[in-house]
Amino acid sequence: MRRVIIADDSSTARMFIKRCLEIAGLNETTFVEAANGKEALVKLKEEHADMLVTDLNMPVMDGETLLKWVKSDPHTHEIPVLIITSAGNQARESRLISLGAFAVIKKPVSPANMLTILKTVMNEKGECYESISKK
Amino acid sequence: MSRYQKNNTTLDELMLSTVSDTFENMAFMEVERAGEKDGHYSNEDSNLSSLLVNDPVQGEFILSLPKTLNRKIVENLYGISGEKQDEQLMMDILSEVLNTITGRFMSEIMDSEQTLEMGLPESGTCECPKIDTPSLQWNYFVEGETFSLIAVGESLLKFLQKKNDPVNNSV
């Protein structure tokens, strides 16, 4: 069973991201929700995660700080981190990628852009996208 | 409504496409532009959300939405009918809609080297600016109801005005 952590202070956004990932084909997955970066870090330490999807603008700990924590820890640095934000532009996207983000996706997310990203993530991890999706 | 708004065709188009994308993706609803007189302003039948823009300019975006429309969005997203919806869920959706619209709109008009810093949206109890406060307002129709987006704050309004000027559109 895969484990994906979704960090966003909006329960609506978490639900929407989860739904998009499911429609894009991410089945047999446990989705773990976190309302901020600190909560996400706690959940990452509790159990391994296959992917982290995070918003940028959150209370307590924002997505950029969370990304730095994840990438600086040898136990978590290989986890692909997808940043989902409404406030993304070229400068910020470049900074986040240089910090280790796998991809930066603009809100509102859609199953179509999730599908593209998922295929790339799977390819990077040496897995076949078809193996995670129901035919 | 300011005189500036009436001539604000470029920003109007950008805001319309941003609002349309957001509503179509999140709530499966089609948005149309409404006239100046159709604006939905704060009253007891509306829910409000506000969001501060902190950098590169300072200002605030406000979303004023009829409660009935807010409930329809919840129903479309969660499949929960009106009577069973809780207030917190309605506010959360309102905040997320405003957050998405503001972030996308501002990101589109900022220079590529600038970074947008926003606050966290606050929904429910905030108040619309007084009618004589300088502001920019966009009005839309969705499923027979109107809602409004309002921008306030001197720095933000100057920024928007400058961006709408084809001769000198960088800040």
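**Notes on the chain A and chain B model**

1. Start with a pair inside chain B: the side chains of Arg33(B) and Glu13(B) form a salt bridge, with N and O 2.8 Å apart (here, a side-chain nitrogen of Lys or Arg within 4 Å of a carboxyl oxygen of Asp or Glu). The two sit in distant parts of the chain, 20 residues apart, Arg33(B) in strand β1 (residues 31-33) and Glu13(B) in helix α2. Helices are DSSP runs of H or I with at least four residues, strands are runs of E with at least two, and both are numbered from the N terminus. Arg33(B) counts as partly exposed at 38% relative accessibility, and Glu13(B) is partly exposed as well, at 47%. (Buried is under 20% relative accessible area, exposed is over 50%, partly exposed is in between, with a 1.4 Å probe and protein chains only.)

2. Housekeeping: this is a predicted model, so keep in mind that local features need pLDDT of at least 70 and side-chain atom pairs count only at pLDDT 80 or more, while totals for chains, interfaces and linings use all residues. Residues are numbered from 1 along each chain as its sequence is written, chains are lettered from A and ligands numbered from 1 in the order in which they are written, and side-chain values use heavy atoms, leaving out hydrogens and water.

3. Chain B overall: five helices and seven strands, running α-α-β-β-β-α-α-β-β-β-β-α from the N terminus. Of its 171 residues, 53% count as buried. Contacts (heavy atoms within 4.5 Å) with a separation of 6 or more are 67% between residues 24 or more positions apart.

4. Tyr140(B) is in strand β6 (residues 135-142) and has a relative accessible area of 1%. Beyond its neighbours within four places in sequence, its contacts include Met15(B), Val19(B), Val31(B), Arg33(B) and Phe147(B). Leu94(B) belongs to helix α4 and is buried at 2% relative accessibility; among the residues that Leu94(B) contacts outside its sequence neighbours are Leu48(B), Leu63(B), Leu65(B) and Ser123(B).

5. Another pair in chain B is Asp111(B) with Lys163(B), a salt bridge at 3.0 Å, N to O. Asp111(B) is in the loop between α4 and β4, and Lys163(B) is in helix α5 (residues 154-163), 52 residues away. Both Asp111(B) and Lys163(B) are buried.

6. Now the interface. Chain B brings 27 residues and chain A brings 24, and the two bury about 2000 Å² between them, 50% of it on carbon and sulfur atoms (accessible area, 1.4 Å probe, lost on putting the parts together and summed over both). On the chain B side, Leu77(B), Glu96(B) and Leu120(B) lose the most area, together 24% of what that side buries.

7. Three salt bridges link chain B and chain A. One of them pairs Glu96(B) with Lys107(A) at 2.7 Å, N to O. From chain B, α2 (9-27), α3 (67-78), α4 (87-109) and β4 (117-118) each supply at least two residues to the side touching chain A, and α4(B) gives the most, ten residues.

8. Lys107(A) also forms a salt bridge with Asp55(A), the closest N and O atoms being 3.6 Å apart. Lys107(A) lies in the loop between β5 (103-106) and α5 (111-124) of chain A and Asp55(A) in strand β3 (residues 51-55), so the pair ties together parts 52 residues apart in sequence. Lys107(A) and Asp55(A) are both buried.
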